[in-house]
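I opened this notebook to follow charged side chains through one model, and to keep the cut-offs beside each entry.

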Amino acid sequence: MSEVNEAIKGLDEAKRQLDSVKSWVYAHPDVWESFDAEEIAETIELIKADIDNLKDLIRETARK
């Protein structure tokens, strides 16, 4: 079960890193000129949702 916990911790850290990227994008208006900050934020939220789904799948698989 420790492998499952480590995987979950790693995925949680990935989500925190994505939040950091989103914050950085919003903090740098010069980035907005080259990229759509809102689109980046939406994409990050989609990836975080996929990470949550992956965590659920890992937990379900570990129970079997």
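**Salt bridges, entry by entry**

I began with Asp52 and Lys55, which lie three residues apart in helix 3 and are therefore separated by about one helical turn; helices here are DSSP runs of H or I with at least four residues, numbered from the N terminus. I noted that this is a predicted model, in which local features need pLDDT of at least 70 and side-chain atom pairs count only at pLDDT 80 or more, while totals for chains, interfaces and linings use all residues. I also noted that residues are numbered from 1 along each chain as its sequence is written, and that side-chain values use heavy atoms, with hydrogens and water left out.

I then looked up the contact itself and found that the side chains of Asp52 and Lys55 meet in a salt bridge at 3.8 Å, N to O, where a salt bridge is a side-chain nitrogen of Lys or Arg within 4 Å of a carboxyl oxygen of Asp or Glu. For accessibility I used the relative accessible area (buried under 20%, exposed over 50%, partly exposed in between, with a 1.4 Å probe and protein chains only). On that scale Asp52 is partly exposed at 30%, whereas Lys55 is buried at 9%.

Which residues does Lys55 touch, leaving out those up to four places away in sequence? I listed Ile8, Leu11 and Asp12, with contact meaning heavy atoms within 4.5 Å. Lys55 itself has its place in helix 3, which covers residues 37-63.

For the structure as a whole I recorded nine salt bridges.

Next I turned to Lys48, which forms a salt bridge with Glu45, the closest N and O atoms being 3.4 Å apart. Lys48 and Glu45 are three residues apart in helix 3, so about one helical turn separates them.

Key
Helices (H or I, at least four residues) and strands (E, at least two) are DSSP runs, numbered from the N terminus.
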